[in-house]
Amino acid sequence: VIVEIGGTIGDIEGLPFLEAIRQFRFDAGKENVLYIHLTYIPYITAAGELKTKPTQHSVKELRSIGIQPDLLLCRTDRYLPQDMKAKIAMFCNVGQEAVVTAKDVDCIYEVPLVFNKEGLDAKLLEQLNIWTGSPRLEQWEKVVERYKAPTHTVKIAVVGKYTDLTESYKSLNEALYHGGIVNDTRVELQFIDSGTLTVENCESILSEANGVLVPGGFGARGVEGKILAIGHARETNIPYFGICLGMQLAVIEVARNKGGLAEAHSSEFQPETPAPVIYLMTEWFDERTQTVQRRDANSEKGGTMRLGAYPCRIQHDSLAYRAYGAEKISERHRHRYEFNMAYKQQLEAGGLVFSGISPRGDLVEIVELADHPWFLGCQFHPEFKSRPMAAHPLFADFIKAALKHKSTIDTAENAA
C-alpha cells in the first residue's frame, strides 16, 4: 500500500494525516512501514549553486511531530553530487545512501530509469526486507527511446474548452502519447479553444492537423465550435476521434448534415429541441448489480451518473472491431446523456454505423461513419485504460490512421 500525503509540511490541514501515519508505524511495526519525504533542492542561477535549506527545514518540521524520514527524494534539475548528498544526510539525520536524486526529466516514463540509476528500488527492498529478482527495464528503455526519438511525427488537434489548462486533459494527452509510442511516432498536440472556432476560421485553424479529437466535457459553451471541427474532419477525411461528449456531438453533426435533422441537438444544451438525438438517460441496466437504474431531470446531480466499467458488444467489420480484435469489451463510463435510439434507423440511413452496443441492445457505445477512412466516437473513456507499454487499441489505431493521413497528404504534395 502506498499512501501519499500532499501539501507542505507544517500546514495545519495536513497535521491529522501526518499524525495518523506516525501512529501507523507503531501499529504495523517499524519493519513494515517506510517514510519517504519528497523535497525540493532549488538551483540558484545567480549564485551558481544548489541550496539545501528548504530540505533541511522541511525535515526539521517532520521530526518535530515525531516522523523521521527513512528516504529523501530530492527534486532537482540535475544529479546531486556526493558532497551535496553528504551535507543533506548530515543535517537531516539520515544515511548518505538514503538521499536520492529525483531529477527533472523530459519524459515522465524516464522516472523509473532515473530512480533505478540512483538505487531507489534496491533501498526500498532492503529497508522493507523484501526479496525480488533484478529489475528488467528493457521495456521502459524502449518506451523512452520511442518517446524521445521516434521515426514519425503527427499533429493532433484537441478541440475543447479547457485548453487554457492543458493538464485538464492529462489522461487523454498521455493516452495519445501511448498511441504514438506503439506507432513509433511523436504526437504533437495542438490545443484549440472550441469557443474561438467559426465557419470562417475553422479550416485555417485545423489546416495542419493530421487528426481531430474532441474530448469529454460539460455545458453548452464551445459546443458549436466542436461541431464545426467535427464537420471539417468529416468533409476532409481527416481521422476523427470523439470521446464521451465528442461522440454525442459527432452524432449531432451527422444528424444535421447527413440525417435530415437540421435542428438536431442534445437536450443537455437545448431542452426544447425538436430533434433530441442525445437525451438524458432515464433508465439503464447495471450489469454489475443486476439492477435497473432510474434517473430523471429532477434527480440530484451527485452520484447519478452512469459511472464505472460496463460491457459492450462490437459489430464485426467495423473500425472498432479491427482495433480491439474482440467482440466483447469492457470500458469505463462517466455520463448522464446518451444517444436516443428513436433516431437509430434514420441516422443509419445517413451513413452512421452503430458498431458498439450494450449487451441488452438499449445503449449506444460506439458510432462510426461508413464512408470515412477513420471516424469514430465512443461514449466511454478509453484513456483511463491506456498504459505506456499497452496503448489502448482505439488510441493506437487513431494515431495509425493519422499517420496514414499525413503520409497521403505528403505524397500528394510531393507529386504536385
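## The second largest pocket

By class, the lining of the second largest pocket holds nine nonpolar, seven polar and six charged residues, where Ala, Val, Leu, Ile, Met, Phe, Trp, Tyr, Cys and Pro count as nonpolar, Asp, Glu, Lys and Arg as charged, and the others, Gly among them, as polar. The model is predicted, so local features need pLDDT of at least 70 and side-chain atom pairs count only at pLDDT 80 or more, whereas totals for chains, interfaces and linings use all residues. Residues are numbered from 1 along each chain as its sequence is written, and side-chain values use heavy atoms, with hydrogens and water left out.

This second largest pocket has a volume of about 420 Å³ and a lining of 22 residues, of which Gly216, Gly217, Phe218, Arg334 and His381 lie nearest its centre. A pocket here is found on a 1 Å grid over the protein atoms alone, as an open set of points where a 1.4 Å probe fits, with protein on both sides within 12 Å along at least five of seven lines, and lining residues have an atom within 4 Å of a point. A volume is the space filled by probe spheres set on the points, which are joined across faces, edges and corners. At least two lining residues each come from α7 (170-182), α10 (245-257) and β15 (328-335), and α7 gives the largest share, three residues; helices (H or I, at least four residues) and strands (E, at least two) are DSSP runs numbered from the N terminus.

## The largest pocket

The largest pocket has a volume of about 1500 Å³ and is lined by 35 residues, with Ile2, Val3, Glu4, Leu34 and Ile36 nearest its centre. Two or more lining residues are given by each of α1 (15-28), β1 (36-40), α2 (53-64) and α5 (120-127). By class, this lining divides into 25 nonpolar, eight polar and two charged residues.

Helix α7 has 13 residues and reaches 19 Å from its first C-alpha to its last, close to the 18 Å expected at 1.5 Å a residue, the expected span being 1.5 Å times one less than the number of residues. Of its 13 residues, 10 are buried, meaning under 20% relative accessible area, with exposed over 50% and partly exposed in between (1.4 Å probe, protein chains only). Among the buried residues of α7 are Leu172, Glu174, Tyr177 and His178.

## Aromatic rings and charges

Rings of Phe, Tyr and Trp (its six-membered ring) pair if their centres lie within 6.5 Å, and planes under 30 degrees apart count as stacked, over 60 as edge-to-face and the rest as tilted. By this rule the count is 10 aromatic pairs. Tyr162 and Tyr169 form a tilted pair, 6.0 Å centre to centre with 40° between the planes; Tyr162 is partly exposed at 30% relative accessibility, whereas Tyr169, at 6%, is buried. The rings of Tyr240 and Phe375 also form a tilted pair, because their planes meet at 35°, with centres 4.9 Å apart. Since Tyr240 lies in strand β9 (residues 240-243) and Phe375 in strand β19 (residues 375-378), this pair ties together parts that are 135 residues apart in sequence. Ring pairs also link Tyr109, Trp140, Tyr147 and Tyr177 into a cluster.

A charge sits over a ring if NZ of Lys or CZ of Arg is within 6 Å of the ring centre and within 35 degrees of the ring normal. Arg78 lies over the face of Tyr43 at 3.6 Å from the ring centre, and the charged end of Arg306 sits over the ring of Tyr310, 4.3 Å from its centre.
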